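The sequence and the model are shown first.

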Amino acid sequence: MDFTFSEEQQHIRETIRRFCEAEIRPLVFESEETETFPKEMFKKWGDLGILGTRYPVESGGTGMDKISDCIIREELSYVSQAFASSMSAHSHLGIWPIWKAGTADQKERFFKPAVSGDKIAAFGLSEPDVGSNVRGLKTRAEKVDGGWRINGAKMYITNAPIADFILLAARTSPEPTADAISLFIVEMPNEGFEISKLKKEGIRSSETGLIYISDAFVPDDCLLGGETGTYPIILESLMENRVGVAANSLGIARSALNASIDYARDRKVGSKKVGEFQAIAHKLADMSAEIESAKWIVYYAAWCVDQDTLTHAIASKAKLISSEVALRATENAIRIHGGAGIMREYPVGRYHRDALVYVIGEGTSEIQRNLIARSLDL
Ligand SMILES: Cc1cc2nc3c(=O)[nH]c(=O)nc-3n(C[C@H](O)[C@H](O)[C@H](O)COP(=O)(O)OP(=O)(O)OC[C@H]3O[C@@H](n4cnc5c(N)ncnc54)[C@H](O)[C@@H]3O)c2cc1C
């Protein structure tokens, strides 16, 4: 394959890079320290057109290909994985199913204002007892007059503390089948929702919530895509987002490498620069080689999305490889920095804490391996 980015894709990268340096980098340190997300960023992203990259222009999106979407994610994560994660939960997980299966009214009320950045979305799938085993989810929606009564709990939900609406997965019948899993668009605040903000090691400025749901009422017009049959849409949405998350991991791996190269050039131990020690140079060489390989699988997977040939196995391979590469690269970055790597004034500690998130979130590495193994017809 003769692989190059098109001129337009390179232009997108340059534009996003400038935006991230001017608008995001100055906010990162304080947002991390205070563990708060600057909500006004969503409007800026909306104005820039990067919340609707994956949706056609006629639906209100900016109609870009997946390769461009991955370029944007990579550049965002290069500056802040936390900001990129908040965007990913909003612009993909929180609204992709609405675009795919929503009514005209739901698109008008939720999808369009999310794409413009006027409303913030979250996606509530994971529960205190249900993370990897999605099919086992317990949150229950029971039919009542004019709508649904929901009871249950949701765990680790990105953007929940700041969301205007949560796309919530719940079981519409007590049957333990995937068929009975549906999605509800729940406007916030809702009397039955109690949301508390979790304190995290990684992506600290991305706000993450624990939600208790007690007799929450949602009207009929908030059910998305019918009482049954929504589960495949959730799986399809997760599959494509794994490619996006792989691009996020690539961004953070690159920032770890570049920070380490700068440090290895500047820092002297005795008469030698740190980069002159072969042991350190080899670490940098490994990081560089692994990042190159992650780049190939990320953009190959993105290309598959654009060709409509993405499979769960390819998406999982991209996510597995790229997130694990990012984890190793960020750990090496700390080692190369010595004691400075542990200090908060240097960014590499944050890179490592942030890289950990994507070997877990969106399906752990073990779950990705399960999905890949399934494709091997063992
Ligand atoms: C920062 C952050 C943000 C998140 N944001 C969201 C969000 O916005 N929305 C949302 O719905 N969820 C979100 N999540 C939840 C995330 O998707 C889950 O944490 C993840 O799927 C793992 O589930 P768990 O934490 O319950 O781990 P568990 O499922 O309890 O897994 C524990 C361990 O067992 C292993 N394991 C489990 N099952 C298997 C198996 N079958 N084979 C081999 N090993 C297995 C896992 O790999 C892991 O090592 C977020 C998580 C984090 C950390």
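Helices, of at least four residues, and strands, of at least two, are DSSP runs numbered from the N terminus. The model discussed here is predicted.

**Ligand surroundings**

In these terms, β1 (121-124), β3 (147-158) and α11 (365-374) each contribute at least two residues to the shell around the ligand. The shell comprises 22 residues, and those that come nearest to the ligand are Leu125, Gly131, Ser132, Thr364 and Glu366. By class, the shell around the ligand contains 9 nonpolar, 10 polar and 3 charged residues. Domain 2 (121-224) and domain 3 (231-374) each provide at least three residues of this shell.

**Domains and their contact**

The domain assignment divides the protein chain into domain 1 (7-115), domain 2 (121-224) and domain 3 (231-374). Between domain 1 and domain 2, the C-alpha centres are separated by 22 Å. Contact between these two domains involves 23 residues of domain 1 and 18 residues of domain 2. On the side of domain 1 that touches domain 2, two or more residues come from each of α1 (7-34), α4, α5 (96-101) and α6 (104-115). Helix α4 gives the largest share of that side, with 7 residues. The side of domain 1 that touches domain 2 consists of 10 nonpolar, 9 polar and 4 charged residues.

Two packed helices are described by the angle between their axes and the distance between the axes.

| Helix pair | Angle between axes | Distance between axes |
|---|---|---|
| α4 (residues 81-93) and α7 (residues 231-266) | about 165° | 11 Å |
| α7 and α9 (residues 312-337) | about 20° | 8 Å |
| α3 (residues 66-79) and α7 | about 40° | 7 Å |

How are α4 and α7 oriented to each other, roughly parallel or roughly antiparallel? The angle between α4 and α7 is about 165°, and angles over 145 degrees count as roughly antiparallel; the two helices are therefore roughly antiparallel to each other. The crossing in which α4 passes α7 is right-handed. On the α4 side, this contact is made by Gln81, Ala84, Ser88, His92 and Leu93, while α7 contributes Ser237, Asn241, Gly244, Val245, Asn248 and Ile252. The residues of the contact of α4 with α7 fall into 4 nonpolar, 7 polar and no charged.

For α7 and α9, the packing angle is about 20°. That angle makes α7 roughly parallel to α9. The two helices, α7 and α9, have a left-handed crossing. Their contact contains 19 nonpolar, 9 polar and 2 charged residues.

The remaining pair in the table, α3 and α7, packs at an angle of about 40°, and the two helices are therefore oblique to each other. Helix α3 passes α7 in a right-handed crossing. In α3, the residues that meet α7 are Lys66, Asp69, Cys70, Arg73, Glu74, Glu75, Leu76, Ser77 and Tyr78. Their counterparts in α7 are Val243, Gly244, Ala247, Asn248, Leu250, Gly251, Ile252, Arg254 and Ser255. The contact of α3 with α7 includes 7 nonpolar, 5 polar and 6 charged residues.

**Backbone details**

Two local features of the backbone complete the description. Met188 and Pro189 are joined by a cis peptide bond, with omega of about -5°. Pro189 is located in the loop between β5 (181-187) and β6 (193-197). Tyr156 is not a glycine, yet it has a positive phi of about 60°. This residue, Tyr156, belongs to strand β3, one of the elements that each supply at least two residues of the shell around the ligand.

Notes
Residues are numbered from 1 along each chain as its sequence is written. This is a predicted model: local features need pLDDT of at least 70, side-chain atom pairs count only at pLDDT 80 or more; totals for chains, interfaces and linings use all residues. A residue is near a molecule or strand if its C-beta atom, placed from the backbone, lies within 6 Å of it. Ala, Val, Leu, Ile, Met, Phe, Trp, Tyr, Cys and Pro count as nonpolar, Asp, Glu, Lys and Arg as charged, and the others, Gly among them, as polar. Domain bounds come from an automatic or database domain assignment. Axes are lines fitted to C-alpha atoms, for helices over the stretch in contact, and angles run from 0 to 180 degrees between N-to-C directions. Angles under 35 degrees count as roughly parallel, over 145 as roughly antiparallel, 65 to 115 as roughly perpendicular and the rest as oblique. A crossing is left-handed if the near helix is turned anticlockwise from the far one by less than a right angle, and right-handed if clockwise. Two residues are in contact if their C-beta atoms, placed from the backbone, lie within 7 Å.
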